[in-house]
Amino acid sequence: MTQPAERAPIRSVADIDLSDWDFWGRSPEEREHAFRLLRDLDTPAFFEEPEISFAPRGLGYHALVRHEDILEASRNPEIFCSGDGGATNIVDMPPEFTEYFGSMINMDDPRHARLRRIVSRAFTPRMIKQFEADVEVAASRIVDELLATGPGCDFVTEVAAKLPLKVICDMMGIPESDYGFVFDRSNIILGASDPEYVSDPEDVATALLTAGMELQALVQDLAALRQETPTGDLTSSLVNANLDGERLTAQELGSFFILLVVAGNETTRNAISYGMRLLTLNPDQKRLWLEDVDGRAPGAVEEIVRLASPVNYMRRKVTRDHVMNGNRYRAGEKVVLYYWSANRDDRVFADPLRFDIARDPNPHVGFGGPGPHFCLGAHLARREITVMFRELLRRVPTIEAGEPERLFSSFINGTKHMTCEF
Ligand code: HEM
């Protein structure tokens, strides 16, 4: 990869290639600039698909970067579908990946609806209450440990990553002794493009498949136990038939678990880390939040998710020729929905780069656009971010974050490491 100092500056749209890995190594400021140029185009830019060693290149994709296009595409899943190669990757997912990564996020109705129904029913009010209480206990312990460790430690691994990991594992019934195992595999799955997690790009496919297989084996072993002796956890409700006689098959459970671990862990972790950095860079907003920690939390959390946009994009495939907001899309082409860019669209957000915890309205698409795939964990994620910051602001109000070490990825806006002082 080209070193940052050697990269030519981006002067016009002609200098932008979202499929070039080099682009994703640029600074956040250059990325902001590039997406602003793309949003100013009347017709979305069209790119060749990235070249990867283990999947064929398709017809290419339109980069949807404006808020209105993302809402419209999300609302029309019959035209912009998530199946047929997957929503979580630009190139079509090779068949051998489907076993582990072919979960509902990469499906269309009616299969998607069936899975979402089974899974959503397992999130009963009793279970939601239970995990809300667990989030508070977990966040409080994390802050106890942070205070015991002292300043200078890595905020990402010591604070931000711990809460979502514990919450997901507890929900599923995964014991604490396996947290480290789950954490490492989920880092590989979403951080495979970063040399810290997979050092040789040639090894990416094997690393992904191995991590998927290992997580699947972990949850399937647990499922066998829960079929014999159900407990109150999510695994028990998913493998034993519900009132309508529905349950997940072993493969469905495996790929759903992988989706939950990855979607629930990496995203919330990155929102918390990004939020900490935003508060450090914007002491006026931190002061405002400190004046009314509970009252200002809902607005602050939405604003953190908007600017963090932990999931940079999802893609859809065009099922039939279609005109949307004046532009033509042809069957077989793809569209990539850049949530990160839509959340900075000044047609919708005044002064979009400003961190404003009182922003209202705040119609961000950090959890996806309106439609069948809207984030299943949005409620839980909001809860985790709220509780984590409540604990931090009350008990460590002087905490500040250092310079973030960013994940090298086009898909996840991630922070790998970041020191904190207090
Ligand atoms: C700040 C944290 C989070 C962010 C930014 C986020 C973002 C997203 C986005 C953008 C989608 C839309 C996918 C699409 O339209 O194709 C999505 C879907 C999903 N998310 Fe989240 N998510 C977060 C937290 C969570 C948590 C905590 C969980 C699990 C408990 C979770 C589970 C899921 C699942 C299962 C889906 C797929 C839903 C479906 O296909 O029907 N997410 N998320």
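How does the lining of the second largest pocket divide by class into nonpolar, polar and charged residues? There are twelve nonpolar, six polar and seven charged residues, where Ala, Val, Leu, Ile, Met, Phe, Trp, Tyr, Cys and Pro count as nonpolar, Asp, Glu, Lys and Arg as charged, and the others, Gly among them, as polar.

This is a predicted model, in which local features need pLDDT of at least 70 and side-chain atom pairs pLDDT 80 or more, while totals for chains, interfaces and linings use all residues. Residues are numbered from 1 along each chain, and side-chain values use heavy atoms, without hydrogens and water.

**View 1. The second largest pocket holds about 670 Å³ of space.** Its 25 lining residues include Pro28, Glu29, Tyr274, Pro404 and Arg406, the closest to its centre. Helix 1 (28-39) and helix 11 (250-281) each give two or more residues to the lining, and helix 11 gives the most, with five.
- Pocket: on a 1 Å grid over the protein atoms alone, an open set of points where a 1.4 Å probe fits, with protein on both sides within 12 Å along at least five of seven lines; lining residues have an atom within 4 Å of a point.
- Volume: the space filled by probe spheres set on the points, which are joined across faces, edges and corners.
- Helices (H or I, at least four residues) and strands (E, at least two) are DSSP runs, numbered from the N terminus.

**View 2. Helix 11 supplies six residues, the largest share, of the shell around the ligand.** Of the 26 residues in this shell, His112, Arg116, Arg316, His373 and Cys375 come nearest (a heavy atom within 4 Å counts as near).

**View 3. Arg116 places a polar side-chain atom 2.7 Å from a ligand oxygen atom.** For Tyr339, a polar side-chain atom lies 3.5 Å from an oxygen atom of the ligand.

Definitions and conventions
A polar contact is a pair of N or O atoms within 3.5 Å; within protein, one must be able to donate a hydrogen and the other to accept it, and residues adjacent in sequence count only if both atoms are side-chain atoms.
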